[in-house]
Amino acid sequence: SLYLANLYQLKSIAYPAISCGAKRYPSAEAARIALETVRTYATSVKDVRFVLFEREIYEAFLQEGIAYTKQLKQETHMSMQSKSTTSSTEQWASLTF
């Protein structure tokens, strides 16, 4: 789906937490993988909406999203210190849970 989103230069995408419900895939691991995958491969996407149906899954994605935001802030700060013209914060305009 991310390949097609990039191919068609989509600006937003909904991304479900597949297998976290009935299959009981670990929510924290799913959140980490989902965020890293989107961060790495969603080059044209500016708005990512994670579709989450259970409170536990929501909490896991929220915690991972908070950690991701802190990481972006650190990278941006380091980038600004080195006077780089490209910042990883340009990648996403919004991230919604």
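Which residues have the most contacts inside the largest nonpolar core? In this predicted model, local features require pLDDT of at least 70 and side-chain atom pairs count only at pLDDT 80 or more, whereas totals for chains, interfaces and linings use all residues. Residues are numbered from 1 along each chain as its sequence is written, and side-chain values use heavy atoms, with hydrogens and water left out.

The largest nonpolar core comprises 18 residues, and those with the most contacts inside it are Val 38, Phe 50 and Phe 61. A nonpolar core is here a set of buried Ala, Val, Leu, Ile, Met, Phe, Trp, Tyr and Cys residues joined through side-chain atoms within 4.5 Å. Buried denotes under 20% relative accessible area, exposed over 50%, and partly exposed the range in between (1.4 Å probe, protein chains only). Two or more residues are given to this core by each of α1 (2-7), β1, α2, β2 and α3; helices (H or I, at least four residues) and strands (E, at least two) are DSSP runs numbered from the N terminus. The most is given by α2, with five residues.

Side chains of opposite charge can pair when their charged atoms come close. Five salt bridges are present in the structure, the criterion being a side-chain nitrogen of Lys or Arg within 4 Å of a carboxyl oxygen of Asp or Glu.

One of these salt bridges joins Glu 54 to Arg 24, with the closest N and O atoms 3.4 Å apart. This pair links distant parts of the chain, 30 residues apart: Glu 54 lies in the loop between β2 (47-51) and α3 (55-81), and Arg 24 in the loop between β1 (12-16) and α2 (27-41). Glu 54 counts as partly exposed because its relative accessibility is 32%, and Arg 24 is likewise partly exposed, at 48%.

A salt bridge between helices is formed by the side chains of Glu 75 and Arg 39, at an N to O distance of 2.5 Å. Glu 75 belongs to helix α3 and Arg 39 to helix α2, so that distant parts of the chain, 36 residues apart, are linked. Glu 75 is partly exposed at 25% relative accessibility, whereas Arg 39 is buried, with a relative accessible area of 14%.

The side chains of Arg 49 and Asp 47 also meet in a salt bridge, at 3.0 Å from N to O. Arg 49 is partly exposed at 43% relative accessibility, while Asp 47 is buried, its relative accessible area being 14%.
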